[in-house]
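My notes follow in the order of looking.

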Amino acid sequence: VDLASFMGNWHVLANIPTSFEVGACNCIEKYRYDEQKQCVQVEFEFTKPQQTIVDAKTGRVSIDTSVTTASTFARMRGSIKNPPVNTHWAIDPQLFSLTLPIGLNYLLLYVENPSSSELGFCLVSVPDRSYLWVMTRAVPSVFPHLHVPAEEAYPAAAAASGAGAGGADVA
């Protein structure tokens, strides 16, 4: 993956979310390469509805989108684990100005047209595929909170990623 073309804003279209992301909407991952520190600065921006309901039987999330909180940010620092391939990153969350050296594995499974503002598309996951993010460069023109399983929206992408059993939701 060419890091320079991957840097910039990616909009989360669908995901198998972490517990931190459940119910989040309007999610944007912002990547910037810090040449001086030789790392990727990551900013995750999202809004969260004030009411999120999880169905105990199905695990499906329903949310009240009428009232949302203000945008929230999470900052992280990524180091490339496999240059020059650049598909395996170690992500360290940042709390205030402190970087927590956790080294969460972050895998770029598939990247297509990363420099295209309209056609850019990528799949990101973790080694065991318990979390998955389908991201696009383009801002979704309609951002419904339908929570359609990603394997229905993007069956080929979900199959290629090895994810799917848990059911990804359109974010």
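**Entry 1: Gln38.** I began with this residue, working in a predicted model. Buried or exposed, or in between: where does Gln38 fall? I read a relative accessible area of 48%, so Gln38 is partly exposed. Exposed would need over 50%. I found Gln38 in the loop between β2 (25–34) and β3. I noted its phi as well: near 55 degrees, a positive value in a residue other than glycine.

**Entry 2: Phe96.** I looked up another positive phi. Phe96 has one near 60 degrees, and Phe96 is not glycine either. I placed Phe96 in the loop between β7 and β8 (98–99). Is Phe96 buried or exposed? Its relative accessible area is 81%, so I wrote down exposed.

I then checked the turn itself. β7 and β8 form a hairpin with two residues between them, and Phe96 sits in that turn. Two bridges join β7 to β8, and the strands run antiparallel. I found Gln94 opposite Thr99 in β8.

**Entry 3: a cis bond.** I went through the omega values. Pro83 and Pro84 are joined by a cis peptide bond, with omega about 0 degrees. Pro84 is found in the loop between β6 and β7.

**Entry 4: the largest pocket.** I turned to open space. A probe the size of a water molecule, rolled over the atoms, shows where empty space is left. What volume does the largest pocket have? I read about 530 Å³. I listed 23 lining residues, and the closest to the centre are Thr18, Met76, Ile91, Leu104 and Trp133.

I sorted the lining by element. β3 (39–47), β6 (72–80), β7 (88–95) and β9 (104–112) are the elements that give two or more residues to it. Which element gives the most? I found β7, with four residues. Then I sorted the lining by class. I got 15 nonpolar, four polar and four charged residues.

**Entry 5: pairing around β7.** I followed the strands that came up in the lining. Six bridges join β6 to β7, antiparallel. Gly78 has Ile91 in β7 as its bridge partner. Ile91 was already in my notes, among the residues closest to the pocket centre.

I then looked at the pairing of β7 with β9. Four bridges, antiparallel again. I noted two positions there. Ala90 stands opposite Asn105 in β9. His88 has Leu107 in β9 as its bridge partner.

I carried on from β9. How many bridges join β9 to β10? I found five, and the two strands run antiparallel. Strand β10 covers residues 121–125. I noted Glu112 opposite Phe121 in β10.

**Entry 6: Phe44.** I picked a residue in strand β3 and settled on Phe44. Its relative accessibility is 3%, so I logged Phe44 as buried. The cut-off for buried is under 20%.

What does Phe44 touch, leaving out residues up to four places away in sequence? I listed Phe20, Glu21, Cys27, Ile28, Glu29, Thr72, Phe73, Ala74 and Met76. Met76 is one of the residues closest to the pocket centre. I also took the C-alpha distance from Phe44 to Ala74. The two are 5.0 Å apart in space and 30 residues apart in sequence.

**Entry 7: whole-chain numbers.** I finished with totals. I counted three helices and twelve strands in the protein. Of the 171 residues, 42% count as buried. I looked at contacts between residues at least 6 apart in sequence. Of these, 45% join residues at least 24 apart. Last came the surface. The protein exposes about 9,200 Å², and carbon and sulfur atoms supply 56% of it.

Note on methods
Residues are numbered from 1 along each chain as its sequence is written. This is a predicted model: local features need pLDDT of at least 70, side-chain atom pairs count only at pLDDT 80 or more; totals for chains, interfaces and linings use all residues. Side-chain values use heavy atoms; hydrogens and water are left out. On a 1 Å grid over the protein atoms alone, a cavity is a set of points where a 1.4 Å probe fits but cannot get out, and a pocket is an open set with protein on both sides within 12 Å along at least five of seven lines; lining residues have an atom within 4 Å of a point. Grid points are joined across faces, edges and corners, and a volume is the space filled by probe spheres set on the points. Ala, Val, Leu, Ile, Met, Phe, Trp, Tyr, Cys and Pro count as nonpolar, Asp, Glu, Lys and Arg as charged, and the others, Gly among them, as polar. Two strands pair if DSSP finds at least two bridges between them. Buried means under 20% relative accessible area, exposed over 50%, partly exposed in between (1.4 Å probe, protein chains only). Contact means heavy atoms within 4.5 Å. Accessible areas come from the Shrake-Rupley method with a 1.4 Å probe; for residues, only the protein chains shown count as cover.
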